[in-house]
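Take a look at the structure below. The walk starts with its aromatic rings and then turns to its strands.

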Amino acid sequence: MYKYLPITICFLISTVSSAQNFTKNESVGVTLSLPFINRYTYYDYETWNKQGILGIGASVYYKHNKFKYSLNGALTRAFQPFRDNENINVNLIEGLVHYNVYNKFNIIGGVNFTDYQYSSSPDFYDSLTPPKYKTEELSLGLTFGAELVCTNHFFIVAFYRPAIFHFNSNSFKQMFSLDFRFDINLWKRK
């Protein structure tokens, strides 16, 4: 029985290696992102929800066939003009893996490090007044997303980022965002 083992292994290796596709679609580039719609939920003694429409981000990526690996950074702000005087600024860095599931649809997963900054002013119209309170909370979390490929360089992405570990508080935080992302290829090989 063991005398057929080397022949079986050689057969399996030759079958697997001949079935592989040796073409390489690789590219390296940068991505510019606009987190257009952001929603923050955080729990302290009660549940708070804030929405915002401001943000900017950038990332570097390496793409290989169906996989794309990126290191992303973003700055977002929950700011609602003429409604209230409480703000949330969120700065994040995340490592992401994008996988092409179907022709124009990708799924995204990764980890993030997020800095939540909360501030409130006594008077919305008085910008010289110092904040009534200002706190900063750091957390590690996961990133989940779905990406719609509109063109080779333009994507619409929905992200969900729940905080898993908190460095200086125990309150749960999560962030939803809808991003417009633009890829710029710096190097490409087919």
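Ring pairs join Phe36, Phe154, Phe180 and Phe182 into a cluster. Rings of Phe, Tyr and Trp (its six-membered ring) pair if their centres lie within 6.5 Å; planes under 30 degrees apart count as stacked, over 60 as edge-to-face and the rest as tilted. This is a predicted model, in which local features need pLDDT of at least 70 and side-chain atom pairs count only at pLDDT 80 or more, while totals for chains, interfaces and linings use all residues. Residues are numbered from 1 along each chain as its sequence is written, and side-chain values use heavy atoms, with hydrogens and water left out.

The whole structure holds nine aromatic pairs. One of them is stacked, because the rings of phenylalanine 36 and phenylalanine 180 have centres 5.6 Å apart and planes at 25°. This pair links distant parts of the chain. Phenylalanine 36 is in strand E1 (residues 26–43), phenylalanine 180 is in strand E9 (residues 173–189), and 144 residues separate them. Strands (E, at least two residues) are DSSP runs, as are helices (H or I, at least four), numbered from the N terminus. Phenylalanine 36 is partly exposed, at 43% relative accessibility. Buried means under 20% relative accessible area, exposed over 50%, partly exposed in between (1.4 Å probe, protein chains only). Phenylalanine 180 is partly exposed too, at 25%.

Tyrosine 160 and phenylalanine 176 form a stacked pair, with 4.8 Å centre to centre and 25° between the planes. Tyrosine 160 lies in strand E8 (residues 154–166) and phenylalanine 176 in strand E9, so the pair ties together parts 16 residues apart in sequence.

Now to strands E3 and E4. They pair in the antiparallel sense over eleven bridges; two strands pair if DSSP finds at least two bridges between them. Two residues sit between the strands of this hairpin, where asparagine 65 takes a positive phi near 50°. Tyrosine 61 stands opposite serine 70 in E4. Lysine 68 lies over the face of tyrosine 61, 4.6 Å from the ring centre. A charge sits over a ring if NZ of Lys or CZ of Arg is within 6 Å of the ring centre and within 35 degrees of the ring normal.

Which residues does glycine 55 contact, leaving aside neighbours within four places in sequence? They are Leu34, Pro35, Leu75 and Thr76, where contact means heavy atoms within 4.5 Å. Glycine 55 belongs to strand E3 (residues 54–64). From glycine 55 to threonine 76 is 21 residues in sequence but 4.0 Å in space, C-alpha to C-alpha.
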